[in-house]
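My notes follow, in the order I looked things up.

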Amino acid sequence: METTNINSETIAAIKTERVNGAYALLDSLKRHGVKHIFGYPGGATLPIYDEIYKAEQRGDIQHILVRHEQGAAHAADGYARATGKVGVCLATSGPGATNIVTGLATAHMDSVPIIVITGQVPRSLLGTDGFQEVDIFGITLPIVKHSYIISKASEIPRVIAEAFHIASSGRPGPVLIDIPKDVGAEIFDYIPIEPGSIKLIGYRPTVKGNPRQLKRAIELIQKAERPLLYVGGGAIIANAHVEIEKLAKTYNIPVTTTLMGKGIFDESDPLALGMLGMHGTAYSNYAVSECDLLIAVGVRFDDRVAGKRQEFAQQANVIHIDIDPAEMGKNRQPDVPIVGDVLQVLQDLWEIMQQQEVNIPHSQTQLWFEHLQQLKQTYPLVPSYPANSISPQEVIVEVARQCPHAYYTTDVGQHQMWAAQFLKNLPRHWMTSGGLGTMGYGVPAAVGVKVAFADEPVICISGDGSFQMNMQELGTIAQYGLGVKIVILNNGWLGMVRQWQHLFYNDRYEATNLQSGSPAFCKLADVYGIKGILVQKREELTPAIAEMLAHPGAVILEVRVESHEDCYPMIAPGQGNTQMMGVVPNYVDKSRATSIICRSCGTENLPHHKCCCECGTKL
């Protein structure tokens with residue numbers, strides 16, 4: 001990466017000092033505001049860890065020792081999402097570096113700014129297949145925003161300054177820095193580089209939207225009678241919640257969000273439609289199918305939202321606002337593409353509309369608003385309450401009732417979708433693996449969030465399958481006294497995979513039953529010195545959650561839930577947004593409904609389904 005030259009007079013005025021590369025690394029990180037590093041040591045990173053020891057003695061930086069390098073990446077990721085700052089993690093060479101790959105891919109898919117520092121064999125051994133040598137630069141090339149191999153210690157200050165700028169600007173993402181062991185020990189004349197003092201030639205993300213496109217967008221907004229804001233993770237990254245709220249409430253525009261956009265808009269507001277897509281609310285999916293203007297903000301029209309893209313928002317003109325020009329037209333061709341920082345574009349849009357005194361009477365969209373309110377009443381999102389067991393949804397509803405403003409992390413699966421449906425989050429209080437769908441994300445991400453916000457409640461919603469992916473991070477939680485609360489919805493299955501085997505593979509349940517071989521989670525908690533609470537009856541649930549929240553330290557709350565509960569609504573792969581399974585109108589008595597046999601495949605369906613749950617044939 002080519003950089004501009006720093007002023008020679010400035011360099012002359014700086015007093016240099018003779019230090020090693022590892023010291024320069026730690027000092028450069030400190031200058032960029034790093035207070036915590038998540039990592040796991042090894043031979044190739046010993047020079048760096050020696051300097052970390054000294055930095056911790058000075059009180060400059062705290063190192064958080066994880067129990068697996070994947071946990072380090074997820075913890076840095078959770079830290080970054082919750083704070084909006086760059087997260088930093090560290091791994092040794094070889095298997096340490098490869099263990100961190102999943103965390104890199106997770107951050108890359110969800111546009112999370114983290115810097116991953118890996119150790120490498122000494123320069124003299126590069127290319128010789130030395131002990132624990134691996135080409136981590138080549139391995140991770142498709143899943144990073146940028147990457148570096150440090151060839152000499154004097155490069156470290158510049159590379160760190162560039163890496164922070166690249167990771168956090170434009171569309172954020174992970175940056176990899178690979179450092180050979182002897183570079184960390186190399187002595188050189190150190191010239192610090194302060195944040196913001198270096199610029200990259202050829203790297204200038206577009207921030208302001210094109211004025212002509214803004215004008216076209218305003219014209220469409222003025223004409224729309226059925227507008228809809230479709231908001232994603234890009235708006236969270238841009239901290240644009242105030243602007244989204246102003247636009248929605250001033251012009252009476254309903255708001256639906258993606259999984260990554262949760263928290264951008266108050267979901268208790270009458271204009272809120274919750275999440276759309278595969279497991280979104282019925283009314284949000286109907287809304288996107290009926291709107292005449294779709295204002296897509298910080299989204300990428302991914303397949304979990306727009307499964308059948310040719311039918312997605314068919315009746316609508318589309319305004320697409322995003323920082324990344326590569327997203328324009330990639331999955332859906334917009335009528336008005338606006339490339340720019342979401343916050344800046346929305347602020348400019350608002351300013352122009354105020355200058356032009358744009359006045360859209362609520363009467364213009366009132367019928368639309370009333371129609372959506374009716375859809376909410378007809379197709380409400382409500383938890384189930386089975387007679388002889390506890391439903392996963394009611395657990396999440398009760399946790400949310402008792403601790404509505406917590407920072408929530410999730411793992412991946414049914415529990416993730418139920419959490420997305422029933423939690424109402426504040427901005428940056430929702431951490432989940434959306435694009436990659438990484439099981440094992442929730443617990444280490446909660447570690448990162450709790451390190452960042454030690455005095456705030458941090459709750460991880462997990463499943464018995466996902467939890468076992470990275471349950472070794474209980475050691476990290478115990479070592480640092482992190483009061484993370486972990487709620488395990490234990491249904492004894494890999495629930496989401498089991499649901500697909502039920503719906504699409506004729507109940508052939510292969511490799512999804514976890515009842516044999518899973519640990520007693522409360523006993524596992526006790527082994528780590530963590531409080532464990534087991535809930536098996538509904539009457540135990542409310543007091544157990546209260547006990548969990550009142551306990552000052554970490555808690556594992558295991559709730560034995562209904563084993564065959566399916567997550568609905570659900571849109572089968574390749575189906576349109578209105579072709580939802582499990583959508584039951586409020587006025588239909590489900591218990592008295594008579595099944596309809598699909599003429600194409602013979603599957604029994606409830607009469608109020610619009611299509612067959614097996615083959616998708618319209619009923």
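First, a term for my own use: a nonpolar core is a set of buried Ala, Val, Leu, Ile, Met, Phe, Trp, Tyr and Cys residues joined through side-chain atoms within 4.5 Å. I also remind myself that this is a predicted model.

**Entry 1, the main core.** I looked up the largest nonpolar core and found 50 residues in it. Those with the most contacts inside it are Phe38, Cys89, Phe467, Leu474, Ile477, Ile486 and Ile556. Helix 4 (residues 69-83) gives the most to this core, with 7 residues. Domain 1 (17-190) and domain 3 (392-560) both contribute residues, so the core lies between them.

**Entry 2, a second core.** I also found a separate core of 37 residues, which includes Val336, Ile338, Val342 and Met353.

Which residues stand across from Cys89? I found Phe38 opposite Cys89 in strand 4, and in strand 5 the bridge partner of Cys89 is Val116. Strand 2 (residues 36-39) pairs with strand 4 in the parallel sense over 2 bridges. Strand 4 and strand 5 (residues 114-120) are also parallel, with 5 bridges.

Leaving out residues up to four places away in sequence, I listed what Phe467 touches: Asp411, Val443, Ser462, Leu474, Ile486, Ile488, Phe521, Leu524 and Ile556.

Conventions. Residues are numbered from 1 along each chain as its sequence is written. This is a predicted model: local features need pLDDT of at least 70, side-chain atom pairs count only at pLDDT 80 or more; totals for chains, interfaces and linings use all residues. Side-chain values use heavy atoms; hydrogens and water are left out. Two strands pair if DSSP finds at least two bridges between them. Helices (H or I, at least four residues) and strands (E, at least two) are DSSP runs, numbered from the N terminus. Buried means under 20% relative accessible area, exposed over 50%, partly exposed in between (1.4 Å probe, protein chains only). Domain bounds come from an automatic or database domain assignment. Contact means heavy atoms within 4.5 Å.
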